[in-house]
Amino acid sequence: MKNQQNLDAAAKAILDARVQRQPIGRISERFEITSLADAYAVQEINTQLALAEGRRLSGRKIGLTSLAVQQQLGVDQPDFGMLFADMEYQDGGDVDTGRLLQPKAEGEIAFVLGRDLPHADTTISELMRAVDHVLPALEIVDSVIQDWKITLVDTVADNASSGLYVLGKTPTLLSALDLSLEGMVLEKNNSQAAIGVGAACMGNPLDACLWLARVMAKAGRPLRAGDVLLSGALGPMVPVEAGDRLRLRLSRLGTVSCRFV
């Protein structure tokens with residue numbers, strides 16, 4: 001691990017960049033944050049600061065679920081970030097771009113838990129029993145690193161490039177669903193911007209959530225009933241800006257939309 005001074009300085013640089021809405025260079029280079037352990041330590045510093053300020057955890061997000069992206073960054077596993085309650089926007093509502101630096105949108109499937117998942121050896125059957133329902137979701141990813149020129153440790157330290165999220169209002173049970181076959185169309189300003197399928201997310205979004213449940217239990221921050229899990233992108237990211245309208249359509253899980261202001 002890097003010394004605490006480096007970790008604290010990197011965490012402050014990320015926080016300041018978000019507050020000032022001013023992108024910065026790679027913290028991996030500036031503060032010599034080179035290992036995954038260092039990156040998660042930086043993320044945890046800002047998580048603890050947010051909790052101390054009264055923000056509430058509402059769930060987790062999973063990133064790097066695409067095999068192609070993993071190979072591009074030279075990693076063999078996804079990453080995770082924290083979701084806070086004040087990051088959630090209403091389906092069909094306005095999303096404040098004033099909170100963002102370089103936003104992009106992804107179409108995803110969100111899982112909402114009805115039971116805790118405290119075990120590091122959580123099984124797939126335990127996970128499926130714990131899922132209360134699934135929802136269509138828009139994740140608005142964002143990075144403090146200028147021009148999105150990130151490395152793995154940069155995105156992890158920056159809370160896995162978390163920004164905001166929007167959930168649909170059509171809860172669906174997992175029963176008889178094969179989420180690997182779930183099709184996605186993401187529209188921007190009434191034109192198709194991205195297409196995808198559940199299999200693009202680690203083969204099946206359930207597998208991504210199983211990875212997350214085990215990792216979070218090992219990290220001492222296990223998933224709890226009520227948590228929202230953003231399971232990873234089903235297709236490419238789409239840049240967005242004020243004035244844009246987004247609509248995600250999933251083949252069986254419904255729709256979710258928002259407007260950027």
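Modeller: A salt bridge is a side-chain nitrogen of Lys or Arg within 4 Å of a carboxyl oxygen of Asp or Glu. We're looking at a predicted model, where local features need pLDDT of at least 70, side-chain atom pairs count only at pLDDT 80 or more, and totals for chains, interfaces and linings use all residues. Residues are numbered from 1 along each chain as its sequence is written, and side-chain values use heavy atoms, leaving out hydrogens and water.

Colleague: OK, why is the pair Asp116 and Arg224 called a salt bridge?

Modeller: Their closest N and O atoms are 3.5 Å apart. The cut-off is within 4 Å, so the pair qualifies. It also links distant parts of the chain, 108 residues apart: Asp116 is in the loop between β5 (104-113) and α5 (124-130), and Arg224 is in the loop between α7 and β10. Those labels are DSSP runs, numbered from the N terminus: helices are H or I with at least four residues, strands are E with at least two.

Colleague: What makes Asp116 partly exposed?

Modeller: Buried means under 20% relative accessible area, exposed means over 50%, and partly exposed is in between (1.4 Å probe, protein chains only). Asp116 has 39%, so it counts as partly exposed. Arg224 gets that label too, because its value is 40%.

Colleague: Which residues do salt bridges with shared partners join into one network?

Modeller: Arg18, Asp142 and Asp158. In the pair of Asp142 and Arg18, the closest N and O atoms are 3.0 Å apart. Asp142 sits in the loop between β6 (131-141) and α6 (152-157), while Arg18 belongs to helix α1 (residues 4-20), 124 residues apart. Asp142 has a relative accessible area of 0%, so it's buried. Arg18, at 23%, is partly exposed. Overall, the structure holds 13 salt bridges.

Colleague: What about Arg60, buried or exposed?

Modeller: Buried, because its relative accessibility is 2%. Its salt-bridge partner is Asp227, with the closest N and O atoms 4.0 Å apart. Arg60 is in strand β1 (residues 57-63), and Asp227 is in the loop between α7 (205-218) and β10 (228-230), 167 residues apart. Asp227 is at 9%, so it's buried as well.

Colleague: Let's turn to α1. How do you know that its buried residues line one face of the helix?

Modeller: The buried residues are Asn6, Leu7, Ala10, Ala11, Ala13, Ile14 and Ala17. Looking down the axis of α1, they fall within an arc of 155 degrees, so they line one face. That arc is taken from the directions from the helix axis to the C-beta atoms.

Colleague: What do the buried residues of α1 pack against?

Modeller: They pack against α2 (27-30), α3 and α6. For contact, the rule is heavy atoms within 4.5 Å. Asn46 in helix α3 (residues 36-52) is an example: not counting residues up to four places away in sequence, Asn46 touches Ala11, Ile14 and Leu15. Asn46 has a relative accessible area of 15%, so it's buried.

Colleague: How do you know that the span of α1 agrees with what it should be?

Modeller: The expected span is 1.5 Å times one less than the number of residues. For the 17 residues of α1 that gives 24 Å, and the end C-alpha atoms are 24 Å apart, so the two agree.

Colleague: Which residues touch the most other members of the largest nonpolar core?

Modeller: Phe111 and Leu138, in a core of 81 residues. The largest share, eight residues, comes from α7. A nonpolar core means buried Ala, Val, Leu, Ile, Met, Phe, Trp, Tyr and Cys residues joined through side-chain atoms within 4.5 Å. Beyond its neighbours within four places in sequence, Phe111 has contacts including Val131, Leu174 and Asp227.

Colleague: Last one: what makes β4 and β9 edge strands?

Modeller: They belong to an open sheet of five strands with mixed pairing, in the order β4-β13-β12-β8-β9. β4 (94-95) and β9 (191-197) each pair on one side only. Strands pair if DSSP finds at least two bridges between them. β4 and strand β13 (residues 254-260) have two, in the parallel sense, so they pass.
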